[in-house]
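Let us walk through this structure, one element at a time. Keep the sequence and the 3D view side by side.

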Amino acid sequence: MPPPYDFASPVAYRISTTAAPPPPHYDNNSKRKRSAGLELLRSKPATKTTATSPISPTFSLPPLLSPAQPNASFASFPIPPEPPQEQYDQFATQRATLRHAKSIPHLLPLDLPLPPQEPRESKEKKRKYSSKWERGTLEAHLEGTGGKYGGQLRIYNPDCTVFHHPLNALVRHSPSIEDVTKVHHSVYGHLHTLSFRIPTASTPEPADGLPSYALQRNASKSRPGLMSNLFTRRRRGVTISLADSFAKNGSSGALGEYPDEPSSNVLSVGSTVMSDQSEPEANADTVVLLVFEDAESLGEWYLLLKSFNMKETPRTLRRLSVRILDLQEAAPPAESPRETASYGTQLGFGSFDIRSSKSSDVVLPGGKGLKAGWAAKEHICVEIWTDKTLIARTIWAKAEEDYGIPFWAQPFVFEDLPSFSECRMSICLLRSNKSHPIATVPLSLVPNYSPAKDERYPVVSLSNEAVVGELRMAVSYQELPILHRSTYVTDLYTEGDLGARSIYLMSLRGYLEQTHDVLFKVSLIKNPTFPWLLEMVNIEAKSDGATLFRNNTPLTRSLESAMKVLCADFLRLSIGPTISTILENDIEVRSDKLNVMDRLVKGCWGDMYAQRGTFPNPLRKVFAHLYKMVKQNHEEQMLHYKSVSSFLFLRLIGPALMRPHLFDLARGLPRAGIQRTLTTLAKILHAMAFFSDRDISSDPELGKYKRFIKNTANSDMMFDYLASFSTPLDEFQAAPPPPSPAATFFYERYPLLSPTEGTYVVFPSNAGPVDLLGEGAVFLETLYQRRKNVAGKEVYDEGDVEERVRLMDAFHEKVHEAAFPEQKGSVRKKLF
């Protein structure tokens, strides 16, 4: 029998139920109550650590009383202090004596009967889960190849085991682990958060009548050579009584001394937070929230837990993408009939006449305390709910002089939502440093595979259902069944150059709009050499040199999506420290302080040059082919360097500097003054990368930095920087790392799963776990829906490409009819 698998990682955990309200949302920028001064009386941490990058590799867990600042990067998340190791505690001796006394069995005289034992379940009913984050270790112990002999999942701290769940050999007979999902950082303010739910009906009976969180610790043997960044802790078994574990957990928090949270409990179901307080706790499911140290640990545990998150029922994928833009106040005349919302599909209605933000202070029909100009004067937050579940929310925003309305431009993507019946947005105002909902935006989601467009949705008051404004959003929703993997297998996209040329031509005609990232994720698993990207380079490298790679073409959109997926670490290390410095210090560069911008540019350029080696090698191969083809087809001396700059600066570094929240480098859109600083920095780097004085002479802001731009652009550093991206790594440097322990275990386990169970898993890749079947199903259904009216009717210049496209259309129709058998033959006649 092979040695067991043992996976372990340090986490911050919270165990709760689905019967608790959502987490509170506060704002540190607003004025606090006088009682907030009591925080000064709390003990301070002995040591203080700081993060130096937007997504810090250190263990960053902010207190929930310190919400996201609008102009702050992820680096500004405070790091929880560790309890001082040698801090004097005058009551430590008394506590130790008390624990020792409780552990001594007290025997009764022989002539007295034993006292009646209180039923164990009564303690279970009295159990109250903690709403605080605590430090501990997550461990999975699995026996046999691929865990076929079962195992256990547990969370423990230095005192006791706080959670235990069996992982049986047969998934369909195992107590279910459901809704394993990544939690959006806006819900709890924590990065790298994962959650899963244990339904009440399948909650295992604890051994010997004890609750699962009070089980004894077990020593486990690790499988050698499989730990990577995960680690295994071997400790001697400790027997701890139930009362002792409660005393220890209640006396000191494992995360250090935090300010106490509000009395409401906080919990999550998958990526969601339940708020139904009326639900009896006895029927509530157990919810486990986990915060990991880094994205790599999160990805490995997500891969592991998803391999046990399976059922013998067909899987349905629900994918929601929302981009919240701005909110405008609607103030119809008082004498006119009240407007009510029209609930259709994802469309709202025509825009109202928008009054000035300087309207008189009269109470609107919207209800209590809602005065004219509220949208321009108040701090506003938008929350996204499915049923009674909070899944994300924006930062607090207030209208600035440049806009006059609150503006977010904040995207949210939920790749696999649990089943729900209603989706809505909640509009909240900040009052007394607390969030108060005042209106709602109902959404009737209908599966739609067209490119998402900005639309205005009615904002309905909670008091009297009057329409008080409009919320501008771009919403996209897909819902479709996931079939067996064999259904999606085809060589039409990868066989020879015809597949790549067919993808290029369909992209040129707009059928792949907003789906390039989906195609790229599928390619990460199927063929990570990206032959279709190389074929696109061959086609577009012959274009006019004056506009080469500067317009939106199939290649630019595809490579832009590829860089956004693969270059997260590169951006975090190269421009992340500069963005963090600007946001944390609130730097606004004025004409009388040019030396500040000079230091920012030099520091950013130094970080970029030092981190050029972190650029992913698969994209280096694409850039090397690009560099070679442009040099062959164009005689202009510098064009091959500028072609690399067109992608690197125009479509990656520049957008990440100007809109850092779109690349997970900040928590929200910076305010106008900070945006001007970031935009100026992006312009200077752009002028440096294109070796031209045209941008300097046409932009007066760049003229102030003319000398620095010329000296840097004409130096060998810029040439070396651009050439490094078009130089693939050698065989030794490019050798793929050994598979992670989680990936090794997954590939052993996957053949053991039934075809239906296999639809629930995710696959490892260079960019983290990828839902291969989900991404493939969305891609094929999107192409079918967009081409069903033109399939078989289009004419292409190349006959072989036209025939390949016809075969692709037939395959799309076959997959669609397998997914929706009730629609077979009802949409259009068969073409073949």
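In which helix is Thr 677 found? Thr 677 sits in helix H16, which covers residues 672-689. The model is predicted.

Is Thr 677 buried or exposed? Its relative accessibility is 3%, and buried means under 20%, so Thr 677 counts as buried. Now look at what surrounds this residue. Setting aside neighbours within four places in sequence, Thr 677 is in contact with Ile 582, Ile 587, Glu 588, Val 589, Met 597 and Leu 600.

Turn next to helix H14, residues 617-633. This helix has 17 residues. From first C-alpha to last, H14 reaches 24 Å, close to the 24 Å expected at 1.5 Å a residue. Its buried residues include Leu 619, Val 622, Phe 623, Leu 626, Tyr 627 and Val 630. Asn 617 and Arg 620 are also among them. What do the buried residues of H14 pack against? They pack against helices H9 (531-540), H10 (554-566), H15 (639-658) and H20 (716-725).

Finish with a strand pair. Strand E3 (residues 151-156) and E4 run antiparallel, joined by six bridges. E3 and E4 form a hairpin, with four residues between them. Strand E4, residues 161-167, is mostly covered: seven of its seven residues are buried.

Technical notes. Residues numbered from 1 in each chain as written. Predicted model: local features only at pLDDT ≥ 70, side-chain atom pairs only at ≥ 80, totals over all residues. Heavy atoms only, no water. Helix = DSSP H or I, 4+ residues; strand = E, 2+ residues; numbered from the N terminus. Expected span 1.5 Å × (residues − 1). Buried < 20%, exposed > 50% of the residue type's maximum accessible area, 1.4 Å probe, protein only. Contact = heavy atoms within 4.5 Å. Pairing = 2+ DSSP bridges.
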